[in-house]
Amino acid sequence: MTEGNREAFDFFGWVATKLEWGLLYVLARDEEGFLSKEAMRCCFDGSLFDYSTKMDRGYEGKMS
């Protein structure tokens, strides 16, 4: 996922994308250790922290 579109000799970019995806995984993974599509969408639309709060409190179903 992080190596498909990377530029040659852009070492800072390589590290930044690995760090970004690693941080997203740590913040948004579920109890089983998987990162859902909904969590990735929330990262890009800006509602990741609302999503993680609802998941931590145990809300079921889709976000509104």
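Bear in mind that the model is predicted.

Start with α1. This helix has 18 residues. From first C-alpha to last it reaches 26 Å, close to the 26 Å expected at 1.5 Å a residue.

Which residues of α1 are buried? They are Gly-13, Leu-24 and Ala-28. Look down the axis of α1: the buried residues fall within an arc of 5 degrees, so they line one face of the helix. An α-helix has 3.6 residues a turn, so residues three or four places apart point the same way.

What do the buried residues of α1 pack against? They pack against α2 and α3. Now turn to the face of α1 away from its buried side. Exposed residues there are Phe-11, Phe-12, Val-15, Leu-19 and Val-26.

Next, the core. The largest nonpolar core has six residues: Leu-24, Ala-28, Ala-39, Cys-42, Leu-48 and Tyr-51. Take Ala-39. Leaving aside residues up to four places away in sequence, Ala-39 touches Leu-24, Ala-28, Leu-48 and Tyr-51.

Last, the cysteines. How many disulfides are there? The count is zero. For Cys-42, the nearest cysteine sulfur belongs to Cys-43, 8.9 Å away. A disulfide needs the two sulfur atoms within 2.5 Å, so Cys-42 is in none. Cys-43 is in no disulfide either.

Buried or exposed, what about Cys-42? Cys-42 is buried, at 2% relative accessible area. Cys-43, at 28%, is partly exposed.

How values were computed: Residues are numbered from 1 along each chain as its sequence is written. This is a predicted model: local features need pLDDT of at least 70, side-chain atom pairs count only at pLDDT 80 or more; totals for chains, interfaces and linings use all residues. Side-chain values use heavy atoms; hydrogens and water are left out. A nonpolar core is a set of buried Ala, Val, Leu, Ile, Met, Phe, Trp, Tyr and Cys residues joined through side-chain atoms within 4.5 Å. Buried means under 20% relative accessible area, exposed over 50%, partly exposed in between (1.4 Å probe, protein chains only). Contact means heavy atoms within 4.5 Å. Helices (H or I, at least four residues) and strands (E, at least two) are DSSP runs, numbered from the N terminus. The expected span of a helix is 1.5 Å times one less than its number of residues. The arc is that of the directions from the helix axis to the C-beta atoms.
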